[in-house]
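Here is a short report on one protein model. Keep the sequence and the 3D view at hand as you read.

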Amino acid sequence: QVQLVESGGGLVQPGGSLRLSCAASGSIFSINTMGWYRQAQGKQRELVATITDSGSTNYADSVKGRFTISRDNAKNTVYLQMNSLKPEDTAVYYCYGVVRRSTDMRWNQVWGQGTQVTVSS
């Protein structure tokens, strides 16, 4: 079994910064794409940013220039540095990974449990 565990959410004032982390653990052979999605109250889950194992990144237009995604392949960990936060960034942020399990060598999409980010004065 593979698990993704997020950390780093919280309450921050507009214009502030937060850094989210997501560590994958369990029966992992390899991880392809990792990323972050978010879901605001009453809205659908949306892509924030993704990063491949080779370091190629993709961002939602709404966060370009403010958020930076990175990963440490040796630690099976992905990060999201969020700067210049706005109230509309308030949401539950979910970590996501495309993981190849070592038990059966099959690819699976794995989600974390989510971490709340609230941007408010």
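## Two loop residues

Start with Ser-84, which sits in the loop between β8 and β9. Strands here are DSSP runs of E with at least two residues, and helices are runs of H or I with at least four; both are numbered from the N terminus. The phi of Ser-84 is positive, about 50°, although Ser-84 is not a glycine. Most residues other than glycine have a negative phi. Ser-84 is partly exposed, because its relative accessible area is 42%. The cut-offs are these: buried means under 20% relative accessible area, exposed means over 50%, and partly exposed lies in between, with a 1.4 Å probe and protein chains only.

Asn-76 also has a positive phi of about 50°, and Asn-76 is not a glycine. Its place is the loop between β7 and β8. Asn-76 counts as partly exposed, because its relative accessibility is 24%.

## About the model

The model is predicted: local features need pLDDT of at least 70, side-chain atom pairs count only at pLDDT 80 or more, and totals for chains, interfaces and linings use all residues. Residues are numbered from 1 along each chain as its sequence is written, and side-chain values use heavy atoms, with hydrogens and water left out.

## The disulfide

How many disulfides does the structure hold? It holds 1. A disulfide is a covalent bond between the sulfur atoms of two cysteines. Here the term means a pair of cysteine sulfur atoms within 2.5 Å. The partners are Cys-22 and Cys-95, with their sulfur atoms 2.0 Å apart. The pair links distant parts of the chain: Cys-22 is in strand β3 and Cys-95 is in strand β9, 73 residues apart.

Are Cys-22 and Cys-95 buried or exposed? Both are buried. The angle about the S-S bond is -85°, and the link is left-handed.

In soluble globular proteins, nonpolar side chains tend to be buried together.

## Salt bridges

A salt bridge is a side-chain nitrogen of Lys or Arg within 4 Å of a carboxyl oxygen of Asp or Glu. The whole structure has 5 of them. One joins Asp-89 and Arg-38, at 2.9 Å from N to O. This pair links distant parts of the chain, 51 residues apart: Asp-89 is in the loop between β8 (77–82) and β9 (91–101), and Arg-38 is in strand β4 (residues 28–39). Asp-89 counts as buried, because its relative accessibility is 1%. Arg-38 counts as buried too, at 5%. A network of salt bridges links Arg-38, Glu-46, Arg-66 and Asp-89.

Another salt bridge joins Arg-101 and Asp-104, at 2.4 Å from N to O. Arg-101 counts as partly exposed at 25% relative accessibility. Asp-104 is partly exposed at 32%. Lys-64 and Asp-61 also meet in a salt bridge, at 3.1 Å from N to O. Asp-61 counts as exposed, because its relative accessibility is 64%.

## The largest pocket

Rolling a probe the size of a water molecule over the atoms shows where empty space is left. The search uses a 1 Å grid over the protein atoms alone: a cavity is a set of points where a 1.4 Å probe fits but cannot get out, while a pocket is an open set with protein on both sides within 12 Å along at least five of seven lines. Lining residues have an atom within 4 Å of a point. Grid points are joined across faces, edges and corners, and a volume is the space filled by probe spheres set on the points.

The largest pocket holds about 190 Å³ of space. Its lining has 14 residues, and Arg-38, Ala-40, Lys-43, Glu-46 and Glu-88 lie nearest its centre. What kinds of residues make up the lining? There are 3 nonpolar, 4 polar and 7 charged. In this count Ala, Val, Leu, Ile, Met, Phe, Trp, Tyr, Cys and Pro are nonpolar, Asp, Glu, Lys and Arg are charged, and the others, Gly among them, are polar.
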